[in-house]
Amino acid sequence: AQLTTIQWIDSAKNLGRINEGQTLKIAFRFKNTGDKPLIIESVVPGCGCTVADYPKEPIAPDAEAEITGAFDSKGREGLQHKEIRVTANTKNSKDHTISFDVEVVKAKA
């Protein structure tokens, strides 16, 4: 089996406050800490308000890459906790959860 290990440089982020209606760009960095190429098989955001993109090419041992995304805060007032599920060819568990928190403040009329 071509399994490797992953190190999340930032798997949980607190992104502070944004105004309702803003789109927030996010990035989660990681490193392939194993000796086989790291393959991200899928990235699934927990809700439709978040989109995510990921490297489609294998990540070489010792190389870093990132999963990028965007959160649309339209109609989402208050504290938001969003998770993204990542599946990769990693030892022990193929599933990883990365997350972010953001407070959405209603725009003043």
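This is a predicted model: local features need pLDDT of at least 70, side-chain atom pairs count only at pLDDT 80 or more; totals for chains, interfaces and linings use all residues.

Modeller: The discussion below goes from strands and sheets to the core, the disulfide, single residues and loops.

Colleague: How is a strand defined, and when do two strands pair?

Modeller: Strands are DSSP runs of E with at least two residues, numbered from the N terminus. Two strands pair if DSSP finds at least two bridges between them. Here β1 and β3 run antiparallel and are joined by 3 bridges; W8 has F30 as its bridge partner in β3. Between β3 and β6, also antiparallel, there are 9 bridges, and the partner of L24 in β6 is F71.

Colleague: What is the order of the strands in the open sheet?

Modeller: The open sheet has 4 strands in the order β2-β8-β7-β4, and its pairing is mixed. Its edge strands, β2 (12-19) and β4, each pair on one side only. From one strand to the next the twist averages 20°, where axes are lines fitted to C-alpha atoms and angles run from 0 to 180 degrees between N-to-C directions. Within this sheet, β4 and β7 pair in the antiparallel sense over 5 bridges, with T87 in β7 as the bridge partner of S42.

Colleague: Which residues lie on the covered face of β3, and which on the uncovered one?

Modeller: The covered face holds L24, I26, F28, F30 and N32. The uncovered face holds T23, K25, A27, R29 and K31.

Colleague: Which residues have the most contacts inside the largest nonpolar core?

Modeller: A nonpolar core is a set of buried Ala, Val, Leu, Ile, Met, Phe, Trp, Tyr and Cys residues joined through side-chain atoms within 4.5 Å. Buried means under 20% relative accessible area, exposed over 50%, and partly exposed in between, with a 1.4 Å probe and protein chains only. The largest such core here has 22 residues, and W8, F30, I40 and F71 have the most contacts inside it. At least two core residues come from each of β1 (6-8), β3 (23-32), β4 (40-45), β6 (64-72), β7 (78-88) and β8.

Colleague: What does F71 touch?

Modeller: Contact means heavy atoms within 4.5 Å. Neighbours within four places in sequence aside, F71 is in contact with residues including I18, L24, C49, T50, F100, V102 and V104.

Colleague: How many disulfides are found, and which residues are joined?

Modeller: A disulfide is a pair of cysteine sulfur atoms within 2.5 Å. A search of the whole structure finds 1, and this disulfide joins C47 to C49 with an S to S distance of 2.3 Å. The torsion about the S-S bond of C47 and C49 is about -45°, so the disulfide is left-handed. C47 is partly exposed at 21% relative accessible area, whereas C49 is buried at 8%.

Colleague: Is T50 buried or exposed?

Modeller: T50, in strand β5, is buried, with 4% relative accessibility. Not counting residues up to four places away in sequence, T50 touches P45, A70, F71, K82, I84 and F100.

Colleague: Which side chain makes a polar contact with H96?

Modeller: A polar contact is a pair of N or O atoms within 3.5 Å; within protein, one must be able to donate a hydrogen and the other to accept it, and residues adjacent in sequence count only if both atoms are side-chain atoms. The side chain of H96 makes one of 2.8 Å with that of T90. H96 lies in strand β8 (residues 95-105) and is buried at 15% relative accessible area.

Colleague: Where are the residues D62, N92 and G75 found?

Modeller: D62 is in the loop between β5 (50-53) and β6; D62 is exposed at 58% relative accessibility, and its phi is near 75°, a positive value in a residue other than glycine. N92 is in the loop between β7 and β8; N92 is exposed at 88%, and its phi, near 70°, is also positive in a residue other than glycine. G75 is in the loop between β6 and β7 and is exposed at 65% relative accessibility. G75 and I39 are 36 residues apart in sequence and 35 Å apart in space, C-alpha to C-alpha.

Terms used: Residues are numbered from 1 along each chain as its sequence is written. Side-chain values use heavy atoms; hydrogens and water are left out.
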